[in-house]
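Subject: Structure handover

Hello,

The structure is below, followed by notes on what was found in it. Please read them alongside the model.

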Amino acid sequence: MPSMPPPPSLPHGSGPPAPPLSLAEVEATARAAHAGQTDKAGRPYAEHLRAVAEGVRVRGGDDEQIAAAWLHDAVEDDALTEGWLAEAPLSRRTKDIVLALTKRAGEPPEAYAARILATPGARLVKEADLAHNADPARLAVLDEATRTRLTEKYTRMRALLGQR
């Protein structure tokens with residue numbers, strides 16, 4: 001896991017909290033946290049993060065959802081810790097979306113989907129994530145067994161989220 005500096009913060013009682021990270025700062029943090037990681041097709045992981053963030057934007061998502069898109073896999077992939085996220089100068093909504101999208105070990109897909117649906121703004125980010133994950137061009141480079149398994153997984157999650 002890359003070493004990430006602690007988010008800027010002030011000691012308790014020393015004044016106002018740090019201003020929220022800009023989208024450019026969130027993007028830079030996500031890119032640094034996932035540096036050296038690749039997706040299942042061997043592509044730099046940051047390409048997936050960029051595609052999800054852009055997918056959120058074109059679907060009408062706001063800056064908090066776009067920030068969550070950049071960070072949506074950071075805790076799950078151990079690129080950043082939950083402690084980092086808790087202390088980061090991000091909106092509560094962005095943090096909640098990231099946590100909703102963080103799969104937990106042994107968690108049934110139904111529970112994961114229910115948490116996403118219960119978290120304002122999370123469904124749109126997951127929709128963009130699934131759209132990129134299920135992109136036929138991305139899946140085409142995988143072996144047939146992996147492609148079939150992932151296609152079924154993504155189709156099931158879309159159904160659980162009430163998506164086509």
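A41 is partly exposed, at a relative accessible area of 32% (buried is under 20%, exposed over 50%, partly exposed in between, with a 1.4 Å probe and protein chains only). This is a predicted model, in which local features need pLDDT of at least 70 and side-chain atom pairs count only at pLDDT 80 or more, while totals for chains, interfaces and linings use all residues. Residues are numbered from 1 along each chain as its sequence is written, and side-chain values use heavy atoms, with hydrogens and water left out.

A41 sits in the loop between helix 1 (23-33) and helix 2; helices are DSSP runs of H or I, at least four residues, numbered from the N terminus. Apart from neighbours within four places in sequence, A41 contacts R138, V141 and L142 (heavy atoms within 4.5 Å). From A41 to M157 the C-alpha separation is 21 Å, across 116 residues of sequence.

The axes of helix 6 (residues 109-118) and helix 7 (residues 122-133) come within 7 Å and cross at roughly 125°; axes are lines fitted to C-alpha atoms over the stretch in contact, with angles from 0 to 180 degrees between N-to-C directions. Helix 6 is therefore oblique to helix 7 (under 35 degrees is roughly parallel, over 145 roughly antiparallel, 65 to 115 roughly perpendicular, the rest oblique). Helix 6 contributes Y112, I116 and L117 to the contact, and helix 7 contributes A122, R123 and K126.

Regards

Methods:
Helix = DSSP H or I, 4+ residues; strand = E, 2+ residues; numbered from the N terminus.
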